[in-house]
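Student: I'd like to learn how to read a pocket and a helix beside it. Can we go through one together?

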Amino acid sequence: MGEESLKKRRGEDKGREDRQSIQSHEPQKMNLQKQVGLISGICMIVGTIIGSGIFVSPKSVLANVEAVGPCLVIWAACGVLATLGALCFAELGTMITKSGGEYPYLMEAFGPIPAFLFSWTSLLVTKPSSFAIICLSFAEYASAPFYPGCDPPQAVIKCLAAAAIVIITIVNSLSVKLGSYLQNFLTAAKMIIVTIIIVSGIVLLAQGKTDNFKDSFKGSKISVSSISLAFYNGLWAYDGWNQLNYITEELKNPYRNLPLSIIIGIPLVTVCYVLINISYFTVMTSTELLQSQAVAVTFGDRVLYPASWIVPLFVVFSTLGSANGTCFTAGRLVYVAGREGHMLKVLSYISVKHLTPAPAIIFYGAIAIIYIIPGDIDTLINYFSFAVWIFYGLTVLALIVMRFTRKNLRRPIKIPIIIPVIVTLVSIVLVLAPIISAPELAYLYCILFILSGLIVYALFVHLKFDWPQKISNPITMHLQMLLEVVPEEEVTE
């Protein structure tokens, strides 16, 4: 009898263990697994960075410097700056292993106010405007073949961009797996079009098509303002180098693979970008490139005819992939800010059915659609870059500050202090040069918006008034029921 009860108890214990192990699978989905090796890390960098920029920005970079030589130099210089910036982020990412991008570094170095201003600006300006720019690029390329010889109507471009945002938002809200499968497919398509353009350019150069490279610095417009605006547009195409610290927790042996991924991945992208630009100039003069509505499509028409339809198709895949990637990582910053009490709690909730940060993704999509209504791409890129470089500069400055204020922190990667100093100085120039030489109201609005975050912080975070909570609690409850979402802690625990 004693043996039977012992067996029974053992059976119950085993059943309980099984249930616990079944339950423990759920948080495993939410926790980051160390599954990303060196090759995956390099692919992650290349896949995130190469999006719509190289198919849109060549025109904007060239428009600011007005000659082929300086244009190619700026593309290479942007790659060097992106590499230096990413090395700074590699030290920060391995020193403070928290999610949320720049947010935890600013919090650690300067306290909650700069961290709040970063999350406030990212949530309402930089992330949604980035999403909007990519989708507008997608719409321009998707509609170009239907309007040969003329520009597609703005209404068509904006409706297509809005449709792309809605579809990507729905896909990422419904399933993490579906979003990642879509990303893998679109990244493969992106590398195909990059290879086609580069190989075509090399063949044309071998055939002696070098006319546009003669006297390549002649007639160039060089000033601090024009170079910084050209840098804005070039660096927009490299945007994504700062996302590396998001994958620190998922990297196998991050102290080796993170810097190696950067040292291999970003120069690889730089080489691709310079070669793509050279390919463009083998068949287009500076004037023709500036007049082209969609540079890569014009290249395809001249080089790949009658198979020129390949280019807009694959560029559409590439821009969609970049937009999907932007949306895919959208929830992390919001979750951290929500957890710190710096944002609406409902934005850090997770879908019960799909285990996705659905409220955050839907919020991003809604704000991005608002940005599409007034914006053309160039204005949006300048607005985005101005805001984003303020915080890149602050974050790299945080690295310098923590060298003196947080000497006890373990630094598995320690870069020479000259690198963050250079990146900080360059970011100051990038922020100040356009304001001084070509002041626009957009920059003033941007600064006022960032500073308006101080009022929001004082009222809702520092003073913690009761009435906003009384208003937001029933809204949060109704949104929870409508979207079937819960706080992440409740799912993982």
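Student: How do the residues of the lining of the second largest pocket divide into nonpolar, polar and charged?

Tutor: First, this is a predicted model, where local features need pLDDT of at least 70, side-chain atom pairs count only at pLDDT 80 or more, and totals for chains, interfaces and linings use all residues. Residues are numbered from 1 along each chain as its sequence is written, and side-chain values use heavy atoms, without hydrogens or water. Rolling a probe the size of a water molecule over the atoms shows where empty space is left. A pocket is an open set of points on a 1 Å grid where a 1.4 Å probe fits, with protein on both sides within 12 Å along at least five of seven lines; lining residues have an atom within 4 Å of a point. Here the lining has 14 nonpolar, six polar (Gly counts as polar) and three charged residues.

Student: What is the volume of this pocket?

Tutor: About 740 Å³, taken as the space filled by probe spheres set on the points. Closest to its centre, of 23 lining residues, are Gly 341, Met 343, Leu 344, Lys 345 and Phe 460.

Student: Which helix gives the most to the lining?

Tutor: Helices are DSSP runs (H or I, at least four residues). H19 gives the most, with six residues.

Student: Where does H18 bend?

Tutor: A bend is the angle between axes fitted to the seven residues ending at a residue and the seven starting there. H18 bends by about 35° at Val 456.

Methods
Helix = DSSP H or I, 4+ residues; strand = E, 2+ residues; numbered from the N terminus.
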